[in-house]
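Subject: Structure handover and notes

Hello,

Please find the structure below, handed over for your own work. My notes on it follow.

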Amino acid sequence: MSRRGLDDADADALSALATAPPPSTSGNRKSHSQQLRTNTGTNFKRHPNPKQRKHSLDEATITAAMDGFHNTCSDDDADDCDFYPYATIDNDSDNQYWNNNNSNSNNSKSMNSNNCSFTCDDPLPEFSASGGGSGFFKAPSRSAVHPGRPTPLELRPHPLRETQVGRFIRTIACTETQLWAGQETGVRFWNFRDAYEPGLGIGGRARRGDEDAAPFYESVNTSPTMCLMVDCASKLVWSGHKDGKIRSWRMDQELSDDDAPFKECLSFQAYHRGTVLSMVTSSYGDIWAGSENGVIKVWPWDSVEKSISLSSEERHMAALLVERSGIDLKSQATANGVCSISSSDVKYLLSDNVKSKIWAAGSLSFSLWDARTRELLKVYNVDGQIENRVDISSEKDQPLEEEGSVKGGSKSKKEKQGGGFFQRSRNALIGAADAVRRVATKGTGAFTAEDAKKTEALLLAYDGTIWTGCSNGVLVQWDANGNRLHDFHHHHCAVLSFCTYGPRIWVGYVSGMVQVIDLEGTLIAGWIAHNGPVIKLVVGNGSVFSLATHGGIRGWYISSPGPLDNILRPELSKREHMYNTLETVKIMVGTWNVGQGKPCQEALISWVGSQASDVDILVVGLQEVEMGAGFLAMSAAKETIGVEGSTNGQWWQDAIGKAAGEGSSFERVGSRQLAGLLIAIWVRKSLRTHVGDLDVGAVACGLGRTFGNKGGVGLRLRVYDRIMCFVNCHLAAHLEAVNRRNADFNHIYRNITFGRSINNASAAVSSTAQTLRPSTPLAINPDEGKPDLAEADMVIFCGDFNYRLFGITYDEARDFVSQRSFDWLRQKDQLRAEMRSGKVFQGMREALIRFPPTYKFERGKAGLGGYDSGEKKRIPAWCDRILYRDNRSSPTSECGLACPVVASVWLYEACMDVVESDHKPVRCKFKVQIAHVDRSIRRQEFGKIYMSNEKIRSIREELRCVPEISLSTNKIVLQSQETHSLTITNKSNKDDAIFQILCEGMTAITDGEEPEYRQRGSFGFPRWIEVIPAVGIIKPGKAAEILIHQDDTLTSEDQDAQQYWHSEDSCDRLAILSVVIRGSKSTATNSHQCHVQNRYSPKDIVRREPSTKGHGSKKHQTTSHHRSSTKHFDKSDDHHRSRHEH
């Protein structure tokens, strides 16, 4: 063999080459050297029976060849001689092969330079790249209990997205004993007494996605629930729905164990042509609801109370009573066709119980209303600037006239029709272009100035300030009059939710982060609460409950982070063995550069079908499915508007699915195509229950990082709750383009982001989840710029990497291949050299290559004689490769919750008998051990620790502490228009006292009659009384003065109150106020009563006309009121009179 042109190192390496050809095996198979001599220049004759196809790898031949080679190796050849059958060395070690056997394998055979034989039952030796121990390429750290956040109660563990289609939970609401959830098919609730109970498990009564959730009760099917509202006074939960209905559900209903869904109490049609987007109860018990196009309606409590009292047989009449009492505030705010408020959707409503006002928020504007008189007080934008809005509804749908037509005279009917047509066409084109622009910028993180200011959350704090959260992450503090006070910015992602308890505010972000701040805006703590957007936060039972867009619900103690977490975390970790579960999954990954061809089914069976019988997951990556300048340009254009895929791509998926047994054994889960790159995944039906949350991604590396002739496409999914990513790449071509290939990989690894695919029906999600999906890597990963792939438990790269053999001629390479001296060829492999130096695929591993180079072949020629023999004579190379990285960080890492994914390679080969392309297809089989949590058992153990641990009991007792307070009086008598002060004094010298004033009952005092008390919604005040402030915080040793004012000035439009005036305004009235006290972190409350009496005077009642015209609601009269006995109030609501603890 000629050594001309080789350097000294290469010449020395070649001098050690064994001159004798490797021995052949007996039987009718031929060695590759024999194939080279007999098949050169001949055409391949295809066998009709796929079982007769000759595969390129003969295990006996390989073993004999390896034995022959290693008997001639010296001790200096450590890179190839000292390899082991399973995988793991430190990246800094000189030895680049990992011993790929975990400690639990009893039949593994250690192999060294003197004994390199192994059986087919052993995993293959692997080559490990350098540079994987730090930075983005380091495997993510895992643990049994997350060390970086408080330990939560997983009331409903993260369900797979595919299980929630049509059933996504959109919102939650909380009482002290229950948590309610609004979903796309109705509502459900959990009793906190069942919070630690095990789930019903797979095959139990629960549907997919709820197997590990705590036991819950579900309602009958309804239209999708958009919002929830709790009324503790009436013991009702109100829900607003997409069909425009408002429904009520009883909290204290008796439910049987037969799983029969519970039914609604009262429902009425709030909007006939709109959706109920938001609801709130005012401080006077009225129900306010917001809808599309700025519509706000109010239903006075008196009419609601009347309807609730009717029997189930009278529900139709009850619904009509409520519907007719509705007051359309937008109509009231409209005069002469001009509306004073915005026409944007009313997404949020807030009751300011401190000042008795209602805030209505759209995306970019607010309207402020008086809760008592329902007058519009102020309209202003998100910058706090007052708006003089001129929304003319009659002009809304008028088409714009063409330029120049306004000043011209009247036109003929034909001219008007023609102008209208052209104008409509012009408007349609402009609208389409704008839609394309919005879609094109949606995934780029590009935001307009208005987009960044959009209001996404609204909150009333206990100090009376109002907080709003914006889509750019800014928190804005307002006073009660709508004046912007301060801005705070603690996180770069959009704010989606708020809740408050005492002096703390919890903020939920689209990144999944939850932060805790104080009332001055100072950041106290923050952690990643979910791996998806936190769309709702609520408080109840001593905890803050967070809802993620995927439907997972977690509970965080109001004192977190704190001493309680420091006890729970280690105690729960000690019980890891009780909830740790091990699973084994077999994965096959195939890659093939198809060169724009389409093979016969026999070839696909040889490549995929023949090896798919024992695998659970099949992933296939194809390159050059379709090429050509026109196709690439069209593909790039389609990508900008979110369209991908092609007819050829669909053909390939169908053909591979047929070969693998799609339908009978496998289910196609999803795919992603970028120009000529295609990746698709199939999952065995028996495993499908545990696989889901498919996301896709693509990165172009072609011309200007725009065209998809080079680049990568990827899939991300959860397998037994562990994240796996598969990426199919086609890197830069040509022998000398090593640096470009390295750069392509780096670009793909750092920039690929995963999201929903509109082409995968199985990955469908709710509109809410689609809207809130993070669009940038920063939104998904709070660590600045951390790639998605860095967070995966397992990453597999496959594709045409295009790395070539260097320092070797075409004839020399052919000669090495004919002698099966792949060990020497591997030393000339560019990819191996770059991996060893830590320049590419850092920290990733590849099984030892024992098959011939897969590029470049002449189409139609079988065997090794098919290598390129044309004018260019391209040097054979291993262009087509499959590499991976799992959770292991050291050779001794075993599969467990700290290292949940451990993989080994059991097959790595090329299909040399497939001749339809200039590349040979390659396949690789992985055996993957996965450790995952039995979340139902862990929740049980969590409950046992929480209820039995003595230290936790002590902390819980401390949290029960309620500051002692005193009232200046417990009885107030008011005459007409009088104001009286009530002083609340905090006697504690160390704890803040948080107070809330409610009305537990009211009655008319009639001589000779026993008083009958009744409540308004959410313990609202009667209309003749004003209490300011009704909520607040009292510092230690300080006092708060509460002003209680009598006022009977009402608008005559409230016809539901007329009966009330006639029956009760002519006698003395009594309201029982309850001052509810809690500590800043206490889980218990105390209450103190104050009786407020209004003495009747004929001059008291003042009636005035509405301040605005245009009120279009229907009116009716109420004839009676629902009353309850005095004894009911002696036992006041548990939420306000009893001590509670979690």
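How do the axes of H5 and H6 cross, and within what distance do they come? The crossing is at roughly 175°, and the axes come within 8 Å. H5 and H6 therefore run roughly antiparallel to each other, since an angle over 145 degrees is counted that way. On the H5 side the contact involves Ser303, Val304, Lys306 and Ser307, which meet Ala318, Leu321, Val322 and Ser325 of H6. Sorted by class, this contact has four nonpolar, three polar and one charged residues.

Before going further, note that this is a predicted model.

Overall content

The protein has 1142 residues, of which 58% count as buried. It contains 25 helices and 56 strands. Among contacts with a separation of 6 or more, 68% are between residues 24 or more positions apart.

Helix H5 spans residues 301-309, and eight of its nine residues are buried, so the rest of the structure largely encloses it. The buried ones are Trp301, Asp302, Ser303, Val304, Glu305, Lys306, Ser307 and Ile308. Helix H6 (315-325) is part of what covers them. The cover also includes strands S8 (225-231), S9 (236-241), S10 (245-250), S13 (287-290) and S14 (296-299).

Two contacts of H22

Helix H22 (residues 950-959) packs with helix H10 (residues 563-574), their axes coming within 10 Å and crossing at roughly 160°. H10 is thus roughly antiparallel to H22. The crossing of this pair is left-handed. From H10, Pro563, Leu564, Ile567 and Leu568 meet Lys951, Ile952 and Ile955 of H22. That contact comprises six nonpolar residues, no polar ones and one charged.

The other partner is helix H21 (residues 935-948), whose axis comes within 6 Å of that of H22, with a crossing of roughly 65°. H21 and H22 are therefore roughly perpendicular to each other; the range for that label is 65 to 115 degrees. Ile945, Tyr946, Met947 and Ser948 in H21 meet Glu950, Ile952, Arg953 and Arg956 in H22. By class there are four nonpolar, one polar and three charged residues here. Ile952 is listed in the contact with H10 and again in the contact with H21.

Cysteines

How many disulfides does a search of the whole structure find? The search returns zero. Cysteine 725 has a relative accessibility of 1% and so counts as buried. Cysteine 879, with a relative accessible area of 0%, is buried as well. The cut-off behind both calls is under 20% relative accessible area.

Tyrosine 1013

Where is tyrosine 1013 placed? It lies in the loop between strand S49 (993-1005) and strand S50 (1025-1028). Its relative accessible area is 7%, so tyrosine 1013 is buried. Glutamate 1000 is 13 residues away from tyrosine 1013 in sequence, and the C-alpha to C-alpha distance between them is 8.7 Å.

Regards

How values were computed. Residues are numbered from 1 along each chain as its sequence is written. This is a predicted model: local features need pLDDT of at least 70, side-chain atom pairs count only at pLDDT 80 or more; totals for chains, interfaces and linings use all residues. Side-chain values use heavy atoms; hydrogens and water are left out. Axes are lines fitted to C-alpha atoms, for helices over the stretch in contact, and angles run from 0 to 180 degrees between N-to-C directions. Helices (H or I, at least four residues) and strands (E, at least two) are DSSP runs, numbered from the N terminus. Angles under 35 degrees count as roughly parallel, over 145 as roughly antiparallel, 65 to 115 as roughly perpendicular and the rest as oblique. A crossing is left-handed if the near helix is turned anticlockwise from the far one by less than a right angle, and right-handed if clockwise. Contact means heavy atoms within 4.5 Å. Ala, Val, Leu, Ile, Met, Phe, Trp, Tyr, Cys and Pro count as nonpolar, Asp, Glu, Lys and Arg as charged, and the others, Gly among them, as polar. A disulfide is a pair of cysteine sulfur atoms within 2.5 Å. Buried means under 20% relative accessible area, exposed over 50%, partly exposed in between (1.4 Å probe, protein chains only).
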